[in-house]
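Please look over the sequence and the model that follow.

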Amino acid sequence: MDSRQLRYFVAVAEHGGVTKAAKVLRVAQPTLTQGLRALERDLGVELFHRVGRGMVLSAAGEALLGPAMQVGGGLAALMDKARSIARLDDGWLNLVTSPGLGVDPLSGIIGTFRARYPKVCVNVLDPGTTSITELLRTAACEIAMTFLPAAATGMVSVPLGARRLRLVLPPESPIGSRMPVRLAELARLPLVVGPRGNPIRDLLEVSCAPGSPLNIAVETESEEHARDLVLAGVGAALLPQSLAEQAGLRGALVRRTDPVVEQRIGLVHRSGPLSPAAGAFLDMSREFAAAQNL
């Protein structure tokens, strides 16, 4: 039994014969007749009494008609849902982001995406202790925004550009008057950094104090929290340009560094076809990155 056979059965029951049902369904009469006969063989009962040129439901046919119409309605609803998802008039997108990228630039990309496709729900997952690669491999999410390179077997990386970092200092910092500030000078400052393994923390350890420990005042995973700690005078931090500018408006000193510090970012997904929502998000991300000159 398949959906096509059930559709033939319901049409013949509704129109009282093969000729009209075939015309409505736009199929050849022999095709419809063969499908109906196959359904009766599968079920082991006759669904119709053949009366002259007409067809009258048998007792078995009467019993099957209601359930068959329910199945047909469900299949029609399923097809409508699939078409809506393909048109991006419905559906959802599961994505995951590395810590530190959820605000800048992911929030801007999601805002632009939702403005264009308001009926598509975006579900942003917190990776927690699970690796982003594992979340992609197990299909817990379809796209990841992360730092590059992020090479992994079976994965495709889509570069979006580089995220520029700025040094943010408390208002009374002793090196606040210099522009730009050499990274080596940061080794003697109290710093607000992420925990070990955080990309900016790793960058600072390599660039500022190779072979010697950083002067860490506070460790925090949240870049927004780091911004507020700098404003409170706790220490200096390297922050994305958007957060640095916010801190500058509230009195912090924002300085360029020598050398300039950037983080390459992009999207990663499994190789193979993407869902309509994921494909549109990928295109939107490229447009956003080009417009923002990432």
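Accessible area is calculated by the Shrake-Rupley method with a 1.4 Å probe. On that basis, the chain has an accessible surface of about 15,100 Å², and carbon and sulfur atoms account for 54% of that surface. The model is a predicted one, and every value here is to be read with that in mind.

The overall form of the chain may be considered next. The chain contains 10 helices and 13 strands. Its C-alpha atoms occupy a box of roughly 105 × 35 × 25 Å along the principal axes. The radius of gyration is 31 Å, whereas a compact globule of 294 residues would have a value near 19 Å. Of the 294 residues, 42% are buried.

Attention may now turn to the pockets. The largest pocket holds about 270 Å³ of space. Its lining consists of 15 residues, and those nearest the centre are Asp104, Gln241, Ser242, Gln292 and Leu294. At least two lining residues come from each of α5 (106-116), β6 (155-169), α9 (241-249) and α10 (276-292). Sorted by class, this lining comprises 5 nonpolar, 6 polar and 4 charged residues.

The second largest pocket has a volume of about 220 Å³. Two or more of its lining residues are supplied by each of α1 (3-15) and α4 (59-86). The greatest contribution is that of α4, with 7 residues. Among the residues of this lining are Ser3, Leu6, Arg7, Ala68, Met69 and Met79. Here the classes are 8 nonpolar, 2 polar and 2 charged residues.

What does a search for cavities find in the whole structure? There is 1 cavity of 30 Å³ or more. The volume of the largest cavity is about 160 Å³. The elements β8 (191-193), α7 (199-207), α8 (223-231) and β10 (237-240) each give two or more residues to its lining. In total, 21 residues line the largest cavity, and Val192, Val193, Gly194, Ile200 and Leu238 lie nearest its centre. By class, the lining of this cavity has 13 nonpolar, 5 polar and 3 charged residues.

The backbone also deserves attention. Most peptide bonds are trans, and most residues other than glycine have a negative phi.

Leu148 and Pro149 are joined by a cis peptide bond, with omega about 0°. Pro149 is located in the loop between β5 (143-147) and β6. A cis peptide bond also joins Asp258 and Pro259, again with omega about 0°. The loop that contains Pro259 runs between β12 (257-258) and β13 (261-270).

Leu88 is a residue other than glycine with a positive phi, near 65°. This residue is in the loop between α4 and β3 (92-97). Is Leu88 buried or exposed? Its relative accessibility is 11%, and the limit for a buried residue is under 20%, so Leu88 counts as buried.

Ala139 likewise has a positive phi near 65° and is not a glycine. It belongs to the loop between α6 (132-137) and β5. Ala139 counts as partly exposed because its relative accessibility is 49%, and the term exposed is kept for values over 50%.

Conventions. Residues numbered from 1 in each chain as written. Predicted model: local features only at pLDDT ≥ 70, side-chain atom pairs only at ≥ 80, totals over all residues. Heavy atoms only, no water. 1 Å grid on protein atoms, 1.4 Å probe; cavity = no way out; pocket = protein on both sides within 12 Å on 5 of 7 lines; lining within 4 Å. Points joined across faces, edges and corners; volume = space filled by probe spheres on them. Helix = DSSP H or I, 4+ residues; strand = E, 2+ residues; numbered from the N terminus. Nonpolar A, V, L, I, M, F, W, Y, C, P; charged D, E, K, R; others polar. Rg over C-alpha atoms; globule rule 2.2 N^0.38 Å. Buried < 20%, exposed > 50% of the residue type's maximum accessible area, 1.4 Å probe, protein only.
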